[in-house]
Amino acid sequence: MAWRAPGAGALGDRVTIRRRSSVSDNMGGCEDSWVDLLVDQPARIVQTRGGESVQSQRLSGLAPADILMRRANDTLAITSADIAVDARTGQTYNIKWVGSLEDGRKSFLLLACTAGEVTNG
């Protein structure tokens, strides 16, 4: 079965994409901080099957999710080093993979993400 682009109303969620950046601490040094790269972007967040991993001899729950966004010049800057934040719930997702999906004239980005683990960086 071929992939079909979603309709106009399918991107009902909103996400903010953040990137780690060094910012001045006003005392001559720098500190790493997450800065907004794209704010309040239309998207569709779909939770996929979860699982567990062992970290430091403890089980931790992982919640994989796929985030679908329209492909545009600004969204092409998204990389696996960035994070996505659900604007409605505040849930943070580590972006593991960014792929392009096309259906005729409609182009989308698929972000394969994981929630429930230590944030990138």
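Reader: How do the accessible areas come about here?
Author: Accessible areas come from the Shrake-Rupley method with a 1.4 Å probe, and for residues only the protein chains shown count as cover. The protein chain exposes about 7600 Å². Carbon and sulfur atoms supply 47% of that.

Reader: What kind of model is this?
Author: A predicted model: local features need pLDDT of at least 70, side-chain atom pairs count only at pLDDT 80 or more, and totals for chains, interfaces and linings use all residues. Residues are numbered from 1 along each chain as its sequence is written, and side-chain values use heavy atoms, with hydrogens and water left out.

Reader: How many helices and strands?
Author: 0 helices and 7 strands. Both are DSSP runs, numbered from the N terminus: helices are H or I, at least four residues; strands are E, at least two.

Reader: What percentage is buried?
Author: 30% of the 121 residues. Buried means under 20% relative accessible area, exposed over 50%, partly exposed in between (1.4 Å probe, protein chains only).

Reader: Which residues touch the most other members of the largest nonpolar core?
Author: Ile-17, Ile-67, Met-69, Tyr-93 and Leu-111, in a core of 15 residues. Such a core is a set of buried Ala, Val, Leu, Ile, Met, Phe, Trp, Tyr and Cys residues joined through side-chain atoms within 4.5 Å. Elements giving two or more residues to this core include β1 (13-24) and β7 (106-115).

Reader: Switching to Gln-41. Buried or exposed?
Author: Buried, with a relative accessible area of 17%. Gln-41 is in strand β2.

Reader: What does Gln-41 touch?
Author: Not counting residues up to four places away in sequence, its contacts (heavy atoms within 4.5 Å) include Asp-13, Met-69 and Asp-74.
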